[in-house]
Amino acid sequence: MESGNVLLASSASHQIKSGGVRNNGTLLCAPVMAESVHKMLINMDKAKQEGADLVEVRLDSLKSFNPYEDLKTLIKECPLPTLVTYRPTWEGGQYDGDEKKRLDALRLAMEFGADYIDVELQVAHEFNDSIYGKKPEKFKLIVSSHNYQDTPSVEELGNLVARIQAAGADIVKIATTALEITDVARVFQITVHSQVPIIAMVMGERGFISRILCPKFGGFLTFGTIESGIVSAPGQPTMKDLLYLYNFRDIGPDTKVFGIIGKPVHHSKSPILYNEAFKSVGFNGVYVPLLVDDVSTFLRTYSSTDFAGFSCTIPHKEAALKCCDEVDPVAKSIGAVNCIIRRPTDGKLFGCNTDYVGAISAIEDGLRGSHNISNTADSPLAGKLFVVIGAGGAGKALAYGAKEKGARVVIANRTYDRARELADTIGGDALSLADLANFHPEDGMILANTTAIGMQPKVDETPIPKHALRSYSLVFDAVYTPKITRLLREAEESGAIIVTGLEMFIGQAYEQFERFTGLPAPKEQFRKIMAKY
């Protein structure tokens, strides 16, 4: 069952954000897993340096364990508050010994001053009875339930939370598994309506946003790893990423959520770009990777205006267009959107295509720079012969963009029929890629490669022989890994102006940023951020 609209209790702080102010009370917990007490202590210090609020001591990761000595050391010497967990194999942990010994060790941890202890729902009643009347004042009991199969319905989750509460939990913890990103919406709904402190995580890559956005919905804590790769559950981010990439401390109930919809998506540089830019201009937003299987279900599920805008990448650009209530005419002719805005007034979806804007303006800037033409109303592309290599989504976008600026367009593609089809649609000419080598009706043409030819790892490939590049005054390549492709290197050697794919990436991001925030894009900063990559 889909939980329709993820609604939020926006009680929160409208305070102006500054580096020091926490916008939320959600704690950042670092799981400490190591084979020896000595290594655990080292990791506890690291956790403190990295900015954690507390550590989770995973006793089940210790190779040898002497409860009395070791607990005393771990709890007394930890520089942060402690949450002690001794997870059995039947709940996804590593301990498979005697159950009585396990619970005895957890009781001992409480006596030695652990701030929190995590016990599984299955044994919670029994454990609670055994500590009745002995609970230290500041001690809190977390009762947890892990589901490694799926994420149940809202109703079932609600019943589970009630059962955990009834078992004597001071803090409820549920962890489910995401089969689709829409599963997370149900857990957000439970979190925001919970009357008790709640830790609610959705495991796996599709559940990733549950870990970043929990402060928005009022989650008690989230887990961040000290080092990447060493996780205590699938899909955990690092503490460094939570704090410095996603600006975790700044996320509150009023924070607007943006993200990149794609599959795959975790390689995208967009979160780095937008989150840093949001922070620099003081905009209350967070930008997250969204691994989406079905766009229409995703947009229907996350339909609150708090989910305010999305970038769209492969393979969802065409499908996303069909989900929009209104589509920019150019995007409609291209047949693809890469940017979706949810109107704050009525929640309607508006789709546009900033890909071609980014590329065309970068090409215009390149031409203007060479002739020092001021930014006049007339495009320097007007009247030029513009050759596009590739007839896919990006090829279409560039062909439309160039046509709109008054250029004469030629489409070159490996399969001539596809080139012909696109050329007929926009009113241009067609060539097969093989014919491009000897095509030079005039000098000073513009060339734009929109194919993946020359992209890592096949960096020695190029779509056109070097001798043919002499007829072009400017060459653009949409590939941005590597930044300088063989095509661009040879074009520069042949005397052409070159424009890199990075320019297109930054250019399309300017417009998205402005549509997302209503603020002018910090262009200098975008360049600085991308220069690091």
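## Basis of the description

A residue is called buried when its relative accessible area is under 20%, exposed when it is over 50%, and partly exposed in between, with a 1.4 Å probe and protein chains only. By this definition Val327 is buried, at a relative accessible area of 13%.

The structure is a predicted model, in which local features need pLDDT of at least 70 and side-chain atom pairs count only at pLDDT 80 or more, while totals for chains, interfaces and linings use all residues. Residues are numbered from 1 along each chain as its sequence is written, and side-chain values use heavy atoms, with hydrogens and water left out.

## Overall architecture

The chain contains 18 helices and 20 strands; these are DSSP runs numbered from the N terminus, with helices (H or I) of at least four residues and strands (E) of at least two. Along the principal axes, the C-alpha atoms fill a box of roughly 90 × 50 × 40 Å. The chain has 533 residues, and 58% of them count as buried.

Contact is defined as heavy atoms within 4.5 Å. Among contacts in the chain with a separation of 6 or more, 69% come from residues 24 or more positions apart.

## Surface and charge

The accessible surface of the chain comes to about 22,300 Å², and carbon and sulfur atoms account for 51% of this area. Areas of this kind are computed by the Shrake-Rupley method with a 1.4 Å probe; for residues, only the protein chains shown count as cover.

There are 57 positive and 64 negative side chains, and the centres of the two sets lie 2 Å apart. Lys and Arg count as positive and Asp and Glu as negative, whereas His and the chain ends are not counted. Each charge is placed at NZ of Lys, CZ of Arg, CG of Asp or CD of Glu.

## Pocket and cavities

Grid points are joined across faces, edges and corners, and a volume is the space filled by probe spheres set on the points. The largest pocket holds about 1,200 Å³ of space. Its lining consists of 41 residues, of which Thr313, Ile314, Lys317, Ala478 and Tyr480 lie nearest the centre. At least two lining residues come from each of α9 (270-281), β11 (307-312), α11 (317-323), α14 (393-404) and α17 (501-517). The most is given by α17, with five residues.

Across the whole structure, two cavities of 30 Å³ or more are found. The second largest cavity has a volume of about 30 Å³, and its lining is formed by Glu180, Ile181, Thr182, Val292, Asp293, Asp294, Thr297 and Phe298.

## Backbone features

The bond from Ile314 to Pro315 is cis, with omega near 5°, and Pro315 lies in the loop between β11 and α11. Ile314 is also one of the residues nearest the centre of the largest pocket. Thr481 and Pro482 are likewise joined by a cis peptide bond, with omega about 0°; Pro482 is placed in the loop between β19 (472-477) and α16 (486-493).

Asn247, a residue other than glycine, has a positive phi near 50°. Asn247 lies in the loop between α8 (239-245) and β9 (256-262) and counts as buried at 10% relative accessibility.

Phe248 is found in the loop between α8 and β9. Phe248 is buried, because its relative accessible area is 0%. Beyond four places in sequence, Phe248 touches Asn24, Thr26, Arg211, Ile212, Cys214, Pro215, Thr222, Leu242 and Leu243. One of these, Ile212, is 36 residues from Phe248 along the chain, and their C-alpha atoms are separated by 6.9 Å.

Val327 is located in strand β12 (residues 326-327). Not counting residues up to four places away in sequence, Val327 touches Leu321, Lys332, Val337, Phe350 and Gly351. Val327 and His440 are 113 residues apart in sequence and 37 Å apart in space, C-alpha to C-alpha.

Lys48 belongs to helix α1 (residues 37-50) and is partly exposed, with a relative accessible area of 46%. When residues up to four places away in sequence are not counted, Lys48 touches Pro79 and Leu80. The C-alpha atoms of Lys48 and Glu227 are 13 Å apart in space, and the two residues are 179 residues apart in sequence.

Key:
On a 1 Å grid over the protein atoms alone, a cavity is a set of points where a 1.4 Å probe fits but cannot get out, and a pocket is an open set with protein on both sides within 12 Å along at least five of seven lines; lining residues have an atom within 4 Å of a point.
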